[in-house]
Amino acid sequence: MRTVIFRGFEGVNKVALDRGFKQIFGIGLKQAKDLTDELIESKELTFTNVSEEHAVQLLALGDKANVSVEAQ
């Protein structure tokens, strides 16, 4: 299990994040938008205990959405 940290808020592609979170975690659009809003508001969003597959998907999403992502 890994930890993935999203950082940033300027120039973020919100639509890509919303869609990516929805697809990766299998959640509703409102929940996905809430995650995006949390990142923009706090400038950091941490996902703990994610699978290796989800970590890879989140890293790719960060690149697509113009967000700095770190996996530990």
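Predicted model: local features only at pLDDT ≥ 70, side-chain atom pairs only at ≥ 80, totals over all residues.
Helices (H or I, at least four residues) and strands (E, at least two) are DSSP runs, numbered from the N terminus.

Residues are numbered from 1 along each chain as its sequence is written, and side-chain values use heavy atoms, with hydrogens and water left out.

**The chain overall**

Along the principal axes, the C-alpha atoms fill a box of roughly 25 × 25 × 20 Å.

Of the 72 residues, 32% count as buried, where buried means under 20% relative accessible area, exposed over 50%, and partly exposed in between (1.4 Å probe, protein chains only). As for contact (heavy atoms within 4.5 Å), among contacts between residues at least 6 apart in sequence, 73% join residues at least 24 apart.

**Helix H2**

H2 covers residues 29-42, and its 14 residues should span 20 Å at 1.5 Å a residue; the end C-alpha atoms are 20 Å apart, which agrees. The expected span here is 1.5 Å times one less than the number of residues. Just after H2, Lys-43 takes a positive phi of about 70°.

Which residues of H2 are buried? They are Ala-32, Leu-35, Thr-36 and Leu-39. Seen down the helix axis, the buried residues of H2 fall within an arc of 95°, so they line one face; the arc is that of the directions from the helix axis to the C-beta atoms. The background is simple: an α-helix has 3.6 residues a turn, so residues three or four places apart point the same way. On the other side of H2, Lys-30 and Glu-41 are exposed. What covers the buried residues includes E1, helix H1 (14-25) and E2.

| Residue | Relative accessibility | In contact with |
|---|---|---|
| Thr-36 | 1% | Lys-14, Leu-17, Asp-18 and Phe-21 |
| Leu-35 | 18% | Phe-21, Ile-27, Leu-45 and Phe-47 |

Phe-21 turns up in contact with Thr-36 and with Leu-35. Leu-35 and Thr-48 are 13 residues apart along the chain, and their C-alpha atoms are separated by 14 Å.

**The rings**

Rings of Phe, Tyr and Trp (its six-membered ring) pair if their centres lie within 6.5 Å; planes under 30 degrees apart count as stacked, over 60 as edge-to-face and the rest as tilted. That rule gives 5 aromatic pairs. One of them, Phe-6 with Phe-47, is edge-to-face at 5.8 Å centre to centre, with 80° between the planes. Phe-6 lies in strand E1 (residues 2-7) and Phe-47 in strand E2 (residues 44-50), so this pair ties together parts that are 41 residues apart in sequence. Phe-6 and Phe-47 are buried. Ring pairs also link Phe-6, Phe-21, Phe-25 and Phe-47 into a cluster.
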